[in-house]
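Keep the structure open beside the note and look up each place as it comes.

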Number of protein chains: 2
Amino acid sequence: MTRALDPLPALPVTTPGGSYDIVIGRGALADPRAWLGLPAAQQAVIVSNVAVAPLYAQALQQALAPHYAQVSLLPLPDGEEHKTWETLNLVFDHLLGSGCDRKTVLFALGGGVIGDMTGFAAACYMRGVPFVQVPTTLLAQVDSSVGGKTAINHPRGKNMIGAFHQPQRVVCDLATLDTLPARELAAGLAEVIKYGPIADAAFLDWIEAKLPALLARDEAALAYAIRRSCEIKAWVVGQDERETGLRAILNFGHTFGHAIEAGLGYGQWLHGEAVACGMLMASDLSARLGLVPAAFGERMRALLERSGLPTRAPALGSTRLLELMRVDKKAEGGEIRFVLIEAPGRAVVAPAPDALVREVIECHSEAIAS
Amino acid sequence: MTRALDPLPALPVTTPGGSYDIVIGRGALADPRAWLGLPAAQQAVIVSNVAVAPLYAQALQQALAPHYAQVSLLPLPDGEEHKTWETLNLVFDHLLGSGCDRKTVLFALGGGVIGDMTGFAAACYMRGVPFVQVPTTLLAQVDSSVGGKTAINHPRGKNMIGAFHQPQRVVCDLATLDTLPARELAAGLAEVIKYGPIADAAFLDWIEAKLPALLARDEAALAYAIRRSCEIKAWVVGQDERETGLRAILNFGHTFGHAIEAGLGYGQWLHGEAVACGMLMASDLSARLGLVPAAFGERMRALLERSGLPTRAPALGSTRLLELMRVDKKAEGGEIRFVLIEAPGRAVVAPAPDALVREVIECHSEAIAS
C-alpha cells in the first residue's frame, strides 16, 4: 500500500461522547487531508466574523467544496460584546433560511467567541448538529477548542447560557496566527501560561525560556505550546467532562478574571488579559494563604509582564468584584471557590476568607479615585 | 423495618443518561412521598404560567419547602405563541437575579409549553441544571414528560431550537386534569390515540372501548391511558434516544400537524388538534400507498370525531403545507419522511410522492376560497 502524503500531525482527544482529532499545522486550513472523514451532509455552513472571514473563508470554502453540495458563509459581527442571543439568532435565521437539516455541519472559523457561539448554535439547532472548530487565534487554539464547552453571555454573567457539545474535529492552522494582532497573541499566551502552574512545572520552565521565540511567532515554539496546552487540557477534561472536580483547575485566574471582564463590560479587556491579571491575584492569594512562597507570585508577575499582559486590574472596587464572583457559575450557594497553587504544577480548589480576597484585589487594582 | 405509607405508583424510565420515575396518582402534587430523593440544592424554582400557577403553585411550594432553603415561583405568559426566546430569557433573568447556582432544581408546572421551555432553560442554564416535570395537562403527561426533548419555537419552525435533557422525575397529578378545559383534554387524547396505531393494536381497541369513560374523566381510565402511553413512549425512546431510527414513529401525524400549526401561526390550533388532523392525513396516505385498507382511515376518523378533535385542516393550500414540511426537522436534504401505518400497531417511516401528498392534503382540508 502506498501513501502519497504523510498524514497531518494530530492529537487525539477522547470524550465520553466519542473521540476527535486536533490537527495542528501550517497551512492545515487549505490542506485536503484536514477535512477527510467528517460526517456526510448536503450542506456545510461556515460561521465566522467580519474580521476573519475576508482572510480565510475563501480558502476554507474551497477546501470543503468537494465534500458538501452547498457551502455557505455567515459572517457575524466581531467581538465579545456580540456573544449574545441576538447574534446567535442570526445563525439560526441563516440555518433555517438556507433549509439546513439535522445533518448540516457547522464550521466555526474565528476566535473563542465564534467557537463558543457556533458550538452552542450546533448544540441547539434541531437539538444538535455536528460542528468543527477552526480556531484562528492562539487563545481559541489552546483553550476553547478542547473540552466541549459552548455558551453565550448574559448581561448578568459570562457564559451563563450554554451546553456541552463536542466538536467532530479541531483544525489549527498556524498560518492564521501570522495576522493575529500582538495584543491577541499575548492574550492567548495567558492561557498557555496557565497550564504550567496548574499541571506541569516543566512546561512553565519551558515557557519562561521560550517566551522570546513565542512572542516572535516562531513556528516550532508555537506548535509545541499549542500541542502541550491541548494535551494538558484534554487530559484534565478526559477525567472530568462536566466539571464536578478536577476540571475546575482549568479556571485558574478565571474567577477573578471573569469578574474583571463583567465589571468592565465585555469587550473592554480581552479574556486572556483579564485571566492574566486574575492569575496574578490567585497566585498572591495562594501565597497569603501560605500555600506557596511569595516569590511564586513575583515569578508569575515577571512572566506576565514579559508577555505584555496587564497585571493591574482597573479600579472596580473589591465590593463589586466580590459580588460578581458570587454569581459566577463556579460559586455554590454564594461561596466562591478559588483555584489556588500549592506548588508550580499543582493546583487545588478551595474557598478563601472575604477579607483576604479584598486585600488581594486592592493590592492588584488601580486605586479608586476619591 | 416498618413503612408508614405505601410508595406512590411509579413507572421507571431508563435512559442512557440515567433513569427516573414517572409518578402517577391523584393528589401526587401535595404528597410528600412524590418529592423524596431529588438532587439536593439551596434553591428550587417553580416555572409555571399565569393560568396554572394560581391553581397549583402554592401546593407545590409547600410540598417542596422541606427540601430547599428557598422556593421561588416564576409565572410566564400562557400559550404556544410564548414558547420563544424572549420568554425563555425571562427564566434566565429570574435565575440569575435570584442568585441560582449550578445545583438549583427547576420544576416545570404546567402543560407541554412550560415543560419544553423549562427543560430547555435547565439544559442551558450554566450548561445544565436538574429539572423535574410536573405536567398538568393530559398532553404533557402522555407526551412531553417522556423522552428528554426540550425546545423553543423559531418563527420559521416549531421546536427548532432545543436540547435533549432528561428530567430527574415526572410527577403526574390526576387531580390537575379536573380543571383542564374540554378542548385541551381532547387534544391530549389525540396523543394517547397515537400510541395505538404506531405500537399497540390492543391499546387502540381499548381506547375505542373506553372513550366515553376517558371523556368523562374517569380516574381509572385516565390513569391507565397515561401509564400505557408513557410505557410505550419510554420503550420506543429507550431504544433510540436521539431519534436516528425507531423514535421517528412517535411523530405519526406530526409532519402534517407541525405544518398546520406553523401555517396557521402557533397558538391558533392546539398541538393535539393539529396532530389529530395530521394522523388522519397520514392514515389516508398509508391507504393510498396501499399499506392499509381505506377502512383504517375511516376507523381513525370515527375515533377522532368521537373525541371531539378536528379532522379537516384549514385552507392553507397544499403548496404551502409541503413547503413547511420540507423545513421540518425530520426532513433531510428536503426529502419529507412520513410515519405511515402498515397495520394497526405497526408503523414505518418512508417518503411519499409529492402528488399523492397534495391529494391527501386537499382531500382533508377546507377548500381555498376563490
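1. R217(B) counts as partly exposed because it has 15 C-beta neighbours inside 10 Å. The scale behind that word calls a residue buried if 20 or more other C-beta atoms lie within 10 Å of its own, exposed if 12 or fewer, and partly exposed in between, with C-beta atoms placed from the backbone. You will find R217(B) in the loop between α6 (201-215) and α7 (219-239) of chain B. Helices here are DSSP runs of H or I with at least four residues, strands are runs of E with at least two, and both are numbered from the N terminus. R217(B) is not a glycine, yet its phi is positive, at about 60 degrees. Most residues other than glycine have a negative phi.

2. A word on the source: this is a predicted model, in which local features need pLDDT of at least 70 and side-chain atom pairs count only at pLDDT 80 or more, while totals for chains, interfaces and linings use all residues. Residues are numbered from 1 along each chain as its sequence is written, and chains are lettered from A and ligands numbered from 1 in the order in which they are written.

3. Chain A has a positive phi to look at too: M126(A), not a glycine, has a phi of about 50 degrees. Its loop runs between α3 (112-124) and β6 (131-135) of chain A. Is M126(A) buried or exposed? M126(A) is buried, since 24 other C-beta atoms lie within 10 Å.

4. Now step back to chain A as a whole. It holds 12 helices and 11 strands. Its radius of gyration is 20 Å, close to the 21 Å that the globule rule gives for 370 residues, so chain A is as compact as a globular protein of that length. That radius is taken over C-alpha atoms, and the rule is 2.2 Å times the number of residues to the power 0.38. Along the principal axes, the C-alpha atoms of chain A fill a box of roughly 60 × 45 × 35 Å. Buried residues make up 52% of the 370 residues in chain A.

5. How much of the contact in chain A comes from residues 24 or more positions apart? Counting contacts with a separation of 6 or more, such residues account for 74%. Two residues are in contact if their C-beta atoms, placed from the backbone, lie within 7 Å.

6. The axes of α5 (residues 182-199) and α9 (residues 271-288) of chain A come within 7 Å and cross at roughly 40 degrees. Axes are lines fitted to C-alpha atoms, for helices over the stretch in contact, and angles run from 0 to 180 degrees between N-to-C directions. The two helices, α5(A) and α9(A), are therefore oblique to each other; angles under 35 degrees count as roughly parallel, over 145 as roughly antiparallel, 65 to 115 as roughly perpendicular and the rest as oblique. Among the residues that meet are A187(A) and G188(A) of α5(A), and G272(A) and A276(A) of α9(A). By class, the contact of α5(A) with α9(A) has five nonpolar, three polar and three charged residues. Ala, Val, Leu, Ile, Met, Phe, Trp, Tyr, Cys and Pro count as nonpolar, Asp, Glu, Lys and Arg as charged, and the others, Gly among them, as polar.

7. In chain B, look at α9 (residues 271-288) and α12 (residues 354-363), which pack at an angle of about 135 degrees with their axes 10 Å apart. That angle makes α9(B) oblique to α12(B). The contact joins M281(B), D284(B), L285(B) and R288(B) of α9(B) to L356(B), V357(B), V360(B), I361(B) and C363(B) of α12(B). Those residues divide into seven nonpolar, no polar and two charged.

8. Finally, turn to where the chains meet. Chain B gives 30 residues to the contact and chain A gives 30 residues. On the side of chain B that touches chain A, the elements that give two or more residues are α2 (85-97), α3 (112-124), β7 (149-154) and β8 (157-164) of chain B. Which element gives the most? That is β8(B), with six residues. By class, this side of chain B has 14 nonpolar, eight polar and eight charged residues.
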